Amino acid sequence: LRLSNGTGPCSGRVEVKHEEQWGTVCDGDWTIEDAEVVCKQLRCGSAVQALNRAPFGEGSGPTWLYRVDCRGDEPTLWNCSHTGWGAFTCPHYFDVGVICSGFSGLRLTGGDTACSGHLKVKQEETWATVCFSQIDFKTASVICNELECGQAVDIVRGTHFGDRHELIWQEEFHCVGNETHLAHCPRMLHHSMTCSHDATVVCSG
């Protein structure tokens with residue numbers, strides 16, 4: 001299982017390899033429960049959106065799965081009920097996609113209060129550092145709200161990176177400001193991965 005053509009490793013067109021060939025999944029009532037299984041299987045956090053009609057472009061190869069119906073707790077996508085491998089051939093403009101959160105948690109560390117500090121998001125088992133250039137004030141507002149820390153007060157250039165060997169989050173957040181969770185904000189892959197300072201967020205508490 002993989003996601004192709006998305007903004008990062010945790011969004012894109014859903015592709016499945018069967019009999020040594022990559023193919024796609026055809027929309028037949030593609031739901032958030034189906035997307036949840038994909039995100040969990042790829043260790044990409046939780047499902048944010050289940051998309052149909054080739055939102056990440058049309059794939060190629062066979063349409064391996066059709067009418068996938070998951071409860072949401074299956075270990076793999078093909079453990080969900082479906083019509084059978086390659087049982088139905090769809091045009092590729094029905095290829096499905098998903099957007100996963102890409103992280104399973106967020107926290108502010110090393111601050112003076114529980115509601116301020118360096119922003120980190122959890123990717124699989126590791127905490128990744130978010131760069132100062134990857135967030136803005138609207139994003140900080142969403143973070144403070146999600147952490148039940150009141151209003152965003154400030155975003156500060158945190159400590160200088162230098163040669164610190166830690167995982168750096170790869171995407172910029174572009175929140176509108178009314179999202180309930182950071183995971184629901186639009187994101188863009190951060191191409192120039194120079195990260196001079198981490199992001200320190202200060203909430204009112």
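**Terms and values in the predicted model**

Modeller: Helices (H or I, at least four residues) and strands (E, at least two) are DSSP runs, numbered from the N terminus. This is a predicted model, in which local features need pLDDT of at least 70, side-chain atom pairs count only at pLDDT 80 or more, and totals for chains, interfaces and linings use all residues. Residues are numbered from 1 along each chain as its sequence is written, and side-chain values use heavy atoms, with hydrogens and water left out.

Biologist: Why is Val 14 called buried?

Modeller: Buried means under 20% relative accessible area, exposed over 50%, and partly exposed in between (1.4 Å probe, protein chains only). Val 14 has a relative accessible area of 0%, so Val 14 is buried. Val 14 lies in strand E2, residues 11-18.

Biologist: What makes His 165 exposed?

Modeller: The relative accessible area of His 165 is 82%, so His 165 is exposed. His 165 sits in the loop between E10 and E11.

Biologist: Which residues is Val 14 in contact with, leaving aside its neighbours within four places in sequence?

Modeller: Contact means heavy atoms within 4.5 Å. With those neighbours left aside, the partners of Val 14 include Leu 1, Leu 3, Trp 30, Val 38, Leu 77 and Val 96. Val 38 is one of the buried residues of helix H1 (residues 32-41). The buried residues of H1 pack against strand E1 (2-5), E2, strand E4 (47-51) and strand E6 (97-100).

Biologist: What makes a set of residues a nonpolar core?

Modeller: A nonpolar core is a set of buried Ala, Val, Leu, Ile, Met, Phe, Trp, Tyr and Cys residues joined through side-chain atoms within 4.5 Å. The largest has 26 residues, and those with the most contacts inside it are Leu 119, Val 121, Ile 135, Leu 182 and Val 201. H2 gives the most to this core, with four residues. Apart from it lies another core of 21 residues, among them Cys 10, Val 14, Val 96 and Val 98.

Biologist: Which elements do the buried residues of H2 pack against?

Modeller: They pack against E7, E8, E10, strand E11 (171-173) and E13. The buried residues of H2 are Thr 139, Ala 140, Val 142, Ile 143 and Cys 144. Ala 140 and Cys 144 are also among the residues that Val 201 touches, not counting those up to four places away in sequence.

Biologist: How do you know that the largest pocket lies between the domains?

Modeller: Domain bounds come from an automatic or database domain assignment, and here they give domain 1 (2-100) and domain 2 (105-203). Both domains give residues to the lining of the largest pocket, so the pocket lies between them. Its lining includes Thr 7, Phe 56, His 184 and Arg 187. Five residues of domain 1 are in contact with six residues of domain 2, and the domain centres, taken over C-alpha atoms, are 29 Å apart.

Biologist: What makes it a pocket and not a cavity?

Modeller: On a 1 Å grid over the protein atoms alone, a cavity is a set of points where a 1.4 Å probe fits but cannot get out, whereas a pocket is an open set with protein on both sides within 12 Å along at least five of seven lines; lining residues have an atom within 4 Å of a point. The largest pocket holds about 150 Å³ of space. Grid points are joined across faces, edges and corners, and the volume is the space filled by probe spheres set on the points.
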